[in-house]
Amino acid sequence: MVPLIDYLIVSSILFVIGVYGLVSKGNALRLFFAIEIVVNAANLNLVAFSRYLTPAGYAAEGQTFALFSIAIAAAEAAVGLAIVLVVFRLHKNVDVFGLRKLKN
Amino acid sequence: MIDENFLAFIVLSILTIGAALLSLESRQVVYGAVALAFSFLGIAGLFILLDATFVALFQIIVYVGAIAVLILFTVMLVTKEVEADAKREPFQPMAIAIAVIIALLVGIVATLSNLTSIYPTAPAAITVEQIGNLLTSTYSFPLEILALILGASIVGALTMAKTDRE
Amino acid sequence: MSSVLTSLGPEGMPIDLTIVLATIGLIIIILTVLGNRSKYLAMGLASGGFAFGIIFIALQALGFFSSSSSLPYSVPIVTDVVTTDWVSYIFGIAILIVAFLVGLTVVDYFTDESNVTTFYALLIFTTIGALLLAFSTDLLMMFVAWELMSIPSYVLTGFKKKDPASNEAAVKYFLVSAFASAVLLYGISLIYLLTGTTSIYGNSVGTTIVSVSSGYGPVGILALTFLLAGFGIKLAAVPFHMWIPDAYQGAPTIVSGLLSTATKGATFAPAARIFFVIFSFSTFQHDWSLTFAVLAVLSMTLGNFAALTQKSVTRILAYSSIGQAGYILIGFAAGSILGLTGSFFHILNYASMQVCAFLAVALIIQGTRSDNLDTFNGLGKRMTLAPIALTLSLLALGGFPPLSGFWSKLTLFLSAINSNLAWLAVVGIINSFVSIAFYVRIVKHMYLDQAPSDTRLPETNGFRVALIIAVLIIVATGVYPYPLYQLAYTAARSFLASASIIPALLRSVFL
């Protein structure tokens, strides 16, 4: 059997990959990938904890939370990718650090 | 004493983590998007190992079926043939430093806590019925708010993506 | 849950409010097919909804719908995912006032957008999200409300689709904010590991499942770190503040006003609930007070000193909002009844002051077409209401005595001294003086410098009404602060009482 700590290790590796991507990348799409990886790490946590830690009766809470989070991720992806599309239409570029239209 | 569960876990973890890394480091964003879809699939496989079949199905339908396809479409609309990523810097010491620090932190915490001794208690899987009960009792109000979120996101995405006439 | 629908009493209030506002939002979505012809109708509906919400909450707070004298120091109802307590009254009123004021100005602000009606629909949805965030007592409910607040606000930030700056602000705000939700979700999952439930106030029937043993302590600290990071990004507390100036400068100015007050203010509510109830912060004040104190000092100092060097007025306001978040965190660091009173009181005041400043700047930018400080020269001769409103709100933000900001800052500094954090109060007072420098600089540009031209700039009616209401709130609270102070005090006292009555789930973690 797989102990809980193994799932926690996998999810924290995914989390670290996500943070690394967010700090190092400039492309808006890559940044979005990084965010999705972090969300998946959290979902893995929720499902794993609901399997391992809770006795019958209340165990479904973690899985239900994961369902909600997946649905919300879809909504967020729709809006976020639409924004990326608009930015590309105007700037012909999706590099977040390449925009820099602001500042004084 | 390697049983098939553990073997499947190892394979799926390597698939998930490797695909996640590839999605960030691939040469072209399109390959990255495909790798990300495989990472989502790996997570779904881990869900099945955790006896969460319903969540796994949901993950495949929504994440792989909807989000990954949406990402692929956007990537194809957005990127030009000549990849802007070509001039990427291969190593960002800052980013790697931050990642290593977080990894160390999590590692220390994991070793300090007594999580290593926790194994699954009962073999009984959570049924869809239990999830349904929760959704219609305790979580009925959040479920309705979820409908509002989806509605708002449709309106928002349409507002952003549609081109104005005149 | 469903039996509550028929009740007008406090227990059904969050659901009643949601139903009314969501219905109006859906009607407005249908109205969007008419395009801009329906924008005044949408404005009427939205303003009516917000006004109804303000009156409804006020009546509830006065005990109008309940037979008994309603919840003076009561413990929230814990069996549900949402609750009605004094904390939610405070945040609810602040959020709804901001939404009402912003809603009045939308039609006048977006003169050349093709479909302003959509803005109202999204404004209503983001307001519902912020409201429910303040009402929620369940981590799942909190996360759902958080997303309902965030997702429409990404679109609002990028609502000027032909403006490159607005686009850039939208994509930056989206990426940072989505990352914040992801980190928050990770933190929530760790809390679920520790407690086995998603309810913030614990499972009152006593089925707390995992025997939380001391071995989980490190995981608790990790969860707290992730939650701090997730909330910190939304609150723009200092190590997580980098995105704020770009986002606020690029976004439509009235949306910056909404984001810096309603969104930010609403985020303090779940932060308070999680840190004080789940982590029973008031019990372990010595362990965590330093964390909040450091965040407060960093936010105040960096926000105020960076504002000194800026040339753009919206950027100055953005940095000032970082500094103001620092003041509010002083109350969290103090962790006492007085400290939380100060925090709640300052959140109420900050909402009206900051939104007033942003709306005035939005009106001015409409005339001058630039947010550079030099274009504000001599504005006092070219406009009447906007410079006065901006001056008053800036002085209030700086903490000048007869205005509202002074009283809440005073409460915060006193609470710091009271909790043996005198150094924190000193830093706060020094920062207040620094902030007065750049607030007064804007005022000086408006009234003492020579105007480039004498042409009058237009002032539209929607902005006039909103600014007058905001100024009245600022001045009235400044002259007679007692009722709002009393409200904040009641909220803080009942909140801390509820936090200590219910056995904190993680108490054993830190022992």
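How many residues does the contact take from chain C and from chain A? With contact defined as heavy atoms within 4.5 Å, 47 residues come from chain C and 48 residues from chain A. The model is predicted, so local features need pLDDT of at least 70 and side-chain atom pairs count only at pLDDT 80 or more, whereas totals for chains, interfaces and linings use all residues. Residues are numbered from 1 along each chain as its sequence is written, chains are lettered from A in the order in which they are written, and side-chain values use heavy atoms, without hydrogens and water.

Between them, chain C and chain A bury about 4100 Å², of which 78% is on carbon and sulfur atoms; buried area is the accessible area (1.4 Å probe) that two parts lose on being put together, summed over both. Of the area that chain C buries against chain A, 17% is supplied by C:Phe179, C:Tyr186 and C:Tyr192, more than by any other three residues. Across this interface, 0 salt bridges are found (a side-chain nitrogen of Lys or Arg within 4 Å of a carboxyl oxygen of Asp or Glu).

Aromatic pairs over all chains number 33, where rings of Phe, Tyr and Trp (its six-membered ring) pair if their centres lie within 6.5 Å, and planes under 30 degrees apart count as stacked, over 60 as edge-to-face and the rest as tilted. The rings of C:Tyr154 and C:Phe174 are edge-to-face, because their centres are 5.1 Å apart and their planes stand at 80°. Both residues, C:Tyr154 and C:Phe174, are buried (under 20% relative accessible area, 1.4 Å probe, protein chains only). C:Phe438 and C:Tyr439 form a tilted pair, 4.7 Å centre to centre with 50° between the planes.

Note on methods
Buried means under 20% relative accessible area, exposed over 50%, partly exposed in between (1.4 Å probe, protein chains only).
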